[in-house]
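Have a look at the structure first, then read on.

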Amino acid sequence: CPHEYDVIVVTTVLRIALSVARLYFRSKVPFNLSAVQASILLGMGLQHKTVEVLEKELGLPASQIMGLFNRSVRKFSTHFTEVVEGVVGRGIPLPADTGMAPLEHTVDQELSEEVKAFKKKQLDMKEQLETVDLEQYSVSGKEVDWAEVTTDKPGIISIARTGHKRLPTKPSHKEAKRKKQQH
């Protein structure tokens, strides 16, 4: 909230009002304040007067005094920010030569090259798979049998064997142990 920020800045400046007033009246800042703003800064900063005392002396309402003081604070704040940024900016070294060069190809060109390479790799893999005998993985059953069991029936699908025998499998560790115990 801007108002809260202004209150924080004003209270901070009130703490350092003596130093700020000295900088201004010694002409150490590159800007000028109006005569009323300067008298408020003199009263609050160097003479430690309250807003109520300045209200009586200047014949202005407290809200106007605080508004003018707030404008002065903003000028100082802007100036101090510029000074800090200038000092920090001078302290940051220029970037060293990174040795980076521009790309040889655009991103779109590189992408199309990668797509071509990927498609070639896919085609090679497809050709390799076509040479492999996958008969051992075939599923038995006729089209009619499959159509009958795959119609929206939940659960396990079961089709009768059509004469193919299972390939012999290696017994599991438990089965081998059981057979060994039986002998």
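Tyr24 counts as buried, because its relative accessibility is 12% and the cut-off for buried is under 20%. Keep in mind that this is a predicted model. Tyr24 is a handy place to start, as Tyr24 lies in helix H2 and shows up both in ring pairs and in the contact of H2 with H3.

**Aromatic rings**

- Tyr24 pairs with Phe25 in an edge-to-face arrangement, with 5.1 Å from centre to centre and 80 degrees between the planes.
- Phe25 has a relative accessible area of 37%, so this residue is partly exposed, whereas Tyr24 is buried.
- Tyr24 also pairs with Phe76: the ring centres are 6.4 Å apart and the planes stand at 75 degrees, so this pair is edge-to-face too.
- Are Tyr24 and Phe76 buried or exposed? Both of them are buried.
- Stepping back, ring pairs join Tyr24, Phe25, Phe31, Phe76 and Phe80 into a cluster, and the count of aromatic pairs comes to four.

**H2 against H3**

- Helix H2 (residues 17-25) packs with helix H3 (residues 35-46) at an angle of about 135 degrees, and their axes are 8 Å apart.
- Why call them oblique? Angles over 145 degrees count as roughly antiparallel and 65 to 115 as roughly perpendicular, so H2 and H3, at about 135 degrees, are oblique to each other.
- The crossing of these two helices, H2 and H3, is left-handed.
- On the H2 side, the contact is made by Ala17, Leu18, Val20, Ala21, Arg22, Tyr24 and Phe25; these meet Ala38, Leu41, Leu42, Met44, Gly45 and Leu46 in H3.
- Sorted by class, the contact of H2 with H3 has eleven nonpolar residues, one polar and one charged.

**H3 against H5**

- H3 and H5 cross at roughly 90 degrees, and their axes come within 9 Å.
- H3 and H5 are therefore roughly perpendicular to each other.
- From H3, Val36, Gln37, Ile40, Leu41 and Met44 meet a set in H5: Ile65, Met66, Leu68, Phe69, Arg71, Ser72 and Phe76.
- By class, the contact of H3 with H5 has nine nonpolar, two polar and one charged residues.

Terms used
Residues numbered from 1 in each chain as written. Predicted model: local features only at pLDDT ≥ 70, side-chain atom pairs only at ≥ 80, totals over all residues. Heavy atoms only, no water. Axes fitted to C-alpha atoms, helices over the stretch in contact; angles between N-to-C directions. Helix = DSSP H or I, 4+ residues; strand = E, 2+ residues; numbered from the N terminus. Parallel < 35°, antiparallel > 145°, perpendicular 65-115°, else oblique. Left-handed = near helix turned anticlockwise from the far one by under 90°. Contact = heavy atoms within 4.5 Å. Nonpolar A, V, L, I, M, F, W, Y, C, P; charged D, E, K, R; others polar. Phe/Tyr/Trp six-rings, centres within 6.5 Å; stacked < 30°, edge-to-face > 60°. Buried < 20%, exposed > 50% of the residue type's maximum accessible area, 1.4 Å probe, protein only.
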